[in-house]
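Please walk through the fold of this protein with the model open alongside the text. The account begins with terms and then moves from the whole chain to single residues.

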Amino acid sequence: MTQQLQDEFDSSVENAEAWMKAIQERLRVNDNTKGPRSALEARLRETEKIRALEPEGSLKMDLVLVKADAALRSIGEDKKHEVLSKLKDIKALWEETAIYITHCHSRIEWVWLHWSEYLKAQDEFYTWIHNMRVTLEPDIELQLGLKEKQWQLNHAQVLQNDVLNQSVLLERLLEEAASLFSRIGDPSVDEDAQKKMRVEYEGIRQEAQNRVKLLETITREHEQYSANVNQFQSWLNGVTEKLNCCIGGTTKSSAEDKLKALKEVAKDIRSGGKKWKHLENQCAEVIQNTSPLGAARLKDELEELRKALEKLKLLSSEEEERLLKIQQSESAYESQARQLEADIQKLRKDLHRLENDLDPGKGEKTEEEFVTLWRKCNATRAALAAEESRIERLKAQLKELLRFSQDVQPHAESVVSAIHQYQSVRGKTSKMSTDTETQLRRLFQDPVQSFERWKPSIQMLLETPEPELAHIEAALAESSQFKEKLMTLQLKKDVLHKVLGEEEAESLLQEVAEASKEREILHKNLLQSKSKLQNLILQHKNFDAGFAPLQKKLSAIKAKLDLEKEPRPDLLGKKTQLQRLQMIQDDLAELAVHMEEVEKLVQSNTTHRHEMNQLSSDAQALKRSLEMMIQQSEDHVQKHWAYNDKLSDLQQWISVTREKIDSYHDADGEQNTEGRLEDLERCLAEFPDKEIQLHLVEAHGQLVMENSSPEETAHVQAELDQLRESWKSLKEMATG
């Protein structure tokens, strides 16, 4: 048993030793860093495999230790020394083998990693070389101006700094290449490869330095030119300031002193021509290294300086001429200032007269007074519109005075004051015209609005089962009043069109026509209602009691109609006559209703029938006569109204035109300016149309006189004579 354990121990030692020697032999074969990268990679893979076998060696050593322990327990003391000696030797061999495995693999792995890092750094270096070459190879791009050139130089300097900073990386790469070459001996890191990297770098560095030097020259050249331009501009500003001191009105120097100063300025300006020529030569050199657009700007800038120099030269010569014209200018200023003040006073006087003519008076006004006031406002507005040209002339005169060096503030204040007065009168006129139109619109619309408010109450009255007769008669009276108001409104068609405008007037007249139709319907219904009420009364009375009032009422109507056959003295009388005829027409309509009710009582009585037929015949004849008189009266009122309206318009135009012609003449009667002559010619251009209007007014007057009383005929003839005289006088003023 003891010998078996000894043999097992010896066998395990032999196996372990054989395995370890085999491993060491493999390590010796691969323990080399020389050669190409592929060989080094193969050795690295082999050492990795050997390192993976290290656990197997550990197991073999563990087996040896187990066998040694068993053998030591079973053998005697004399043989233990031999076992322990073998055990010691195998342990030493294992330790040597394990260390060799680790060191060999680590050495090859370190060289591999070092080579990989070097190759990565080398790739980055050549990538940088390529990128920098791409950046530096193109020609320098021409820039727009100095700022862009400075930016371009700064960028080139940044690139140069980047190149210089890369020298540190290059030296490190070269050191790494030399170190690797000593370890691996590969041609990729030999001295030729190192020299190639240095040559590549030096080429980039030289290109970057050359570019910076060239850009520094271009930028410095442009900076010098820009400084010279600024210096020339400062000189130009100084000369301009001197010239402005000579030209300005703040100095109290005499004209002679100013002329001496101007000669000094002219001398400076001549020397400036040489300076500008030097700038032109510099500009040509700068343009060679500037983009086309920048070159155009430099040329424009230089041209502006030349123009400024020429302008100074021109101003200097013009100032000399100006000094000679000062005395003449002052005289012209005084003359124009006097004329301006005279025109301002004349305008103020005319505006004051127009404002006084606008006095509306106190107390309540009738519709006719409102129409007259409205026409006066329109005439004043037309006159003010004509004065607009005078305001513009005053502004133009003031603007002419501004060309002179004298203080025009007082005259400006006078013009502004006159303009304010004009605007005040115009505003007052506009407000009064608006207020008057508002009042007239209210007066014109009141009959229709009142009728609309009255209509519901009448409809309710008609719907009442048993209305009182007094209420019906009161409603009939109110209906007649509305008929009169609506009829009067329809006769004012021309005035409505002028005050309200075409569209609104037609709309109102349409409403009036509709209201008139509704009133007729309501009036007829009221009459029927009244007839029904009276029929209840008549049923209880005999024919004589009903017939006698009819005869009496017909006689009374005939008497009223006879009184209205005489011509009336004026428009108001004619309108009043028309209103009375309309009231008679209502009375006659009411009589007809009563007659219809009485006729129902006489159907069986021949005598009474004859009497009723005679009464009906008389009533029909009276109705036809009344209708003819109403038609004639409406015609007379419309003709008289049209005559008054056209007469008033023409009289107002004559008055405004007379005032306008007066304003075009000075105190001696001479016409002032060419502008006023143009206004007068425009005014005279209206005369042919107005003369036609004069003939129309005379024709309307003849129609009015044919249907008027002797007193009214004489009055109309006097108005026409007066109109003819005013026309003749105005025409003499305009052509005289």
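A residue is called buried under 20% relative accessible area, exposed over 50%, and partly exposed in between, with a 1.4 Å probe and protein chains only. Thr713 is partly exposed, since its relative accessible area is 24%. This is a predicted model, in which local features need pLDDT of at least 70 and side-chain atom pairs count only at pLDDT 80 or more, while totals for chains, interfaces and linings use all residues. Residues are numbered from 1 along each chain as its sequence is written, and side-chain values use heavy atoms, with hydrogens and water left out.

The protein chain holds 19 helices and zero strands; helices (H or I, at least four residues) and strands (E, at least two) are DSSP runs, numbered from the N terminus. Of its 736 residues, 39% count as buried. Contact means heavy atoms within 4.5 Å. Of the contacts in the protein chain with a separation of 6 or more, 83% are between residues 24 or more positions apart.

Aromatic pairs come next. Rings of Phe, Tyr and Trp (its six-membered ring) pair if their centres lie within 6.5 Å; planes under 30 degrees apart count as stacked, over 60 as edge-to-face and the rest as tilted. The whole structure has six such pairs. In one of them, the ring centres of Trp19 and Trp94 are 6.1 Å apart and the planes stand at 40°, so the pair is tilted. Because Trp19 belongs to helix 1 (residues 2-30) and Trp94 to helix 4 (residues 77-136), the pair ties together parts that are 75 residues apart in sequence. Both Trp19 and Trp94 are buried. One aromatic cluster is formed by Phe125, Tyr126, Trp128 and Tyr201.

Gln282, in helix 7 (residues 255-287), counts as buried because its relative accessibility is 15%. Leaving out residues up to four places away in sequence, Gln282 touches Gln224, Tyr225 and Asn228. Lys483, in helix 11 (residues 469-490), is buried as well, with a relative accessible area of 14%. Apart from neighbours within four places in sequence, Lys483 is in contact with Arg519, Gln582, Gln585 and Asp586.

Which helices each supply at least two residues of the lining of the largest pocket? They are helix 13 (502-538), helix 15 (571-599) and helix 16 (606-663). Helix 15 gives the largest share of that lining, eleven residues.

Towards the end of the chain, helix 18 (residues 687-706) has 20 residues and reaches 29 Å from its first C-alpha to its last, close to the 28 Å expected at 1.5 Å a residue; the expected span is 1.5 Å times one less than the number of residues. Its buried residues are Phe687, Lys690, Gln693, Leu694, Val697, Gly701, Val704 and Met705. Seen down the axis of helix 18, these fall within an arc of 115°, so they line one face of the helix; the arc is that of the directions from the helix axis to the C-beta atoms. An α-helix has 3.6 residues a turn, so residues three or four places apart point the same way. On the face of helix 18 turned away from the buried side are the exposed residues Asp689, Ile692 and Glu706.

Thr713 itself is located in helix 19 (residues 710-735). Not counting residues up to four places away in sequence, Thr713 touches Met705 and Ser708. The C-alpha atoms of Thr713 and Gly701, twelve residues apart along the chain, are separated by 8.9 Å.
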